[in-house]
Amino acid sequence: MGFVPFTFVDLIDIILVAVIMYWIYRMTKGTNAPYILSGIIAVYLLWVVVRALNMELLSTILGQLISVGAIALIIVFQPELRRFLQMIGMRQKHFNFITRIFSTGEDTVQTNVVPIVTACREMSETKTGALIVIGQQSDLRLIAEGGIALDAKVSTSLIKNIFFKNAPLHDGAALIEGDRIVAAKCILPVTQSDVPKSFGTRHRAAIGMSEISDAIIVVVSEETGDISIAQGGEIRLNIDPVRLQQTLQRYLTINTRKRSKKEVAE
Ligand SMILES: Nc1ncnc2c1ncn2[C@@H]1O[C@H](COP(=O)(O)OP(=O)(O)OP(=O)(O)O)[C@@H](O)[C@H]1O
């Protein structure tokens, strides 16, 4: 018996399936979707077996179930599909070839974390609620467009002013890119993952935003004054200002290094 021929197209096929499976894993991490998905796969496998055994009645019933399956999938996985579309919407800024050619390098200005950390420390002391998104490579235009455009230099006073209780812009998130506060009063996507019941919408929005982009989100709790930081779908609760500064600097440095490596490779 000879070997099954393995072509270059088969290799691409396997890589693409692996990438899709990884995406599905990332999008469904922490939700009930994997259980539903395994149920669907079980029904499908049963249908294949039943058909192979020529069991007419069962095969017809399962076949009918599977034919309406596509619509059922869209309904069941609506939150995940939504997150997936948002993820595509917030693709990397440099992914776009045309943008890369015409890029002036302005978007690589490093964020100075010191005024942000000082503002968070002072807001923490006064228990002023805040939600700050620090953008990196993901394109956050959609988020900025949902808020009020600002385009002002990052400063401690301005951040505190935005989140000052009852100030017109205090509700929602402030978006920082490079050294500018791009917008305030932005609405972030709330996570659909399983998070502790004690998490309110501000913390859920921080996690949700970090799931669909590479942004770093800093939260100051209005209830406790605690500072938390969300990145990559994970949230680190109650970190002190010194740790906040170190963590922000580390996240931003990692990304800058990744970027310069990419630029060298290009
Ligand atoms: N999707 C969202 N996008 C942006 N900001 C949001 C969003 N959801 C809630 N917020 C902000 O969070 C505030 C409500 O926070 P809430 O008390 O529900 O959350 P929390 O996580 O318990 O935070 P805290 O510890 O500060 O009370 C809102 O007034 C609004 O400013």
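Biologist: How far is an oxygen atom of the ligand from an N or O atom in the side chain of Ser221?

Modeller: A polar contact is a pair of N or O atoms within 3.5 Å; within protein, one must be able to donate a hydrogen and the other to accept it, and residues adjacent in sequence count only if both atoms are side-chain atoms. Here, the distance from a ligand oxygen to such a side-chain atom of Ser221 is 2.5 Å. For the side chain of His203, the distance from an oxygen atom of the ligand to an N or O atom is also 2.5 Å. Gly200 contributes a polar backbone atom, 3.3 Å from a ligand oxygen. Of the 640 Å² of accessible area that the ligand has on its own, the protein covers 77%; such areas come from the Shrake-Rupley method with a 1.4 Å probe, and for residues only the protein chains shown count as cover.

Biologist: On what basis do these values rest?

Modeller: This is a predicted model, in which local features need pLDDT of at least 70 and side-chain atom pairs count only at pLDDT 80 or more, while totals for chains, interfaces and linings use all residues. Residues are numbered from 1 along each chain as its sequence is written, and side-chain values use heavy atoms, with hydrogens and water left out.

Biologist: How many residues surround the ligand?

Modeller: A residue is near a molecule if one of its heavy atoms lies within 4 Å of it. The ligand is surrounded by 16 residues, the closest being Asp171, Thr201, His203, Ser221 and Glu222. Helix H10 (residues 201-212) supplies the largest share of this shell, four residues; helices (H or I, at least four residues) and strands (E, at least two) are DSSP runs, numbered from the N terminus.

Biologist: In what order do the strands of the open sheet lie?

Modeller: Strands of a sheet pair through backbone hydrogen bonds, either parallel or antiparallel. Two strands count as paired if DSSP finds at least two bridges between them. The seven strands of this open sheet follow the order S2-S4-S3-S1-S5-S6-S7, with mixed pairing. Strands S2 (148-153) and S7 (234-236) are at the edges with a single partner strand each, so one side of each lacks a neighbour in the sheet.

Biologist: Which strands does S4 join by bridges?

Modeller: Strand S4 (residues 180-186) runs antiparallel to strand S3 (residues 173-177), and four bridges join them. Leu175 stands opposite Ala183 in S4. Four bridges also join S2 to S4, again antiparallel, and Ile148 stands opposite Ala184 in S4. The hairpin of S3 and S4 has two residues between the strands, and Gly178 there takes a positive phi near 65°.
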